[in-house]
Amino acid sequence: MKYEAETRPWGMYQVLLDSDATKVKLITIAPNSRLSLQSHNKRQEQWTLVKGTLTVVLDDIEYTLAATGESIRIPCQSKHRAWNKTDKLVEFIEVQTGQYFGEDDIIRYEDDYDRV
């Protein structure tokens with residue numbers, strides 16, 4: 001079974017698992033790039049660092065994941081952002097659980113690439 005992979009302005013993601021109960025992605029963030037500040041109404045996420053150093057903004061507080069395997073829980077409806085402040089690639093696994101996993105459940109508050 002082949003799942004989607006998409007290139008984005010900040011890097012790319014690859015879907016590793018897509019079921020009724022969960023969606024799992026490998027997310028790669030390019031050096032000195034970040035995802036939009038966003039929230040979701042229908043899912044929560046768990047992010048686990050695979051490579052690099054990831055800065056996570058969660059409800060206006062910055063956290064740093066620097067050791068492989070470190071993780072952070074992103075509760076449903078929390079404002080969050082993944083940010084690579086380094087000059088090397090960052091990779092993390094995102095495990096989504098909840099009611100719905102579509103990309104249209106993204107509410108953007110700030111975006112470096114002028115997406116709505």
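In this predicted model, six strands are arranged as an open sheet, in which the order of the strands is S1-S2-S3-S11-S6-S9 and the pairing is antiparallel. Strand S1, which covers residues 5-8, and strand S9 stand at the edges of this sheet, and because each of them has a single partner strand, one side of each is left without a neighbour in the sheet. From one strand to the next, the twist averages 20°. Within the sheet, strand S3 (residues 22-29) is paired with strand S11 (residues 90-98) in the antiparallel sense, and eight bridges are found over this pairing.

Strand S7, which is made up of residues 54-58, is mostly covered, with five of its five residues being buried. This burial applies to both faces of the strand: Leu54, Val56 and Leu58 are buried on one side, while Thr55 and Val57 are buried on the other. Strand S7 is joined to strand S8 (residues 61-65) by five bridges, and these two strands run antiparallel; in this pairing, Val56 stands opposite Tyr63 of S8. The two strands S7 and S8 form a hairpin with two residues between them, and in the turn Asp59 has a positive phi of about 50°. Strand S7 is also joined to strand S10, by four bridges and again with the strands running antiparallel, and in this case Thr55 of S7 is the residue that stands opposite Trp83 in S10.

Ser78 is located in the loop that lies between strand S9 (71-74) and strand S10 (80-84). Although Ser78 lies in a loop, its relative accessibility is 8%, and Ser78 therefore counts as buried, the cut-off for this class being under 20% relative accessible area. When the neighbours of Ser78 within four places in sequence are left aside, the residues in contact with Ser78 are Gln38, Ser39, Leu58 and Asp59. Of these, Leu58 is one of the buried residues of strand S7, whereas Asp59 belongs to the turn of the hairpin formed by S7 and S8.

Notes
Residues are numbered from 1 along each chain as its sequence is written. This is a predicted model: local features need pLDDT of at least 70, side-chain atom pairs count only at pLDDT 80 or more; totals for chains, interfaces and linings use all residues. Side-chain values use heavy atoms; hydrogens and water are left out. Buried means under 20% relative accessible area, exposed over 50%, partly exposed in between (1.4 Å probe, protein chains only). Contact means heavy atoms within 4.5 Å. Two strands pair if DSSP finds at least two bridges between them. Axes are lines fitted to C-alpha atoms, for helices over the stretch in contact, and angles run from 0 to 180 degrees between N-to-C directions.
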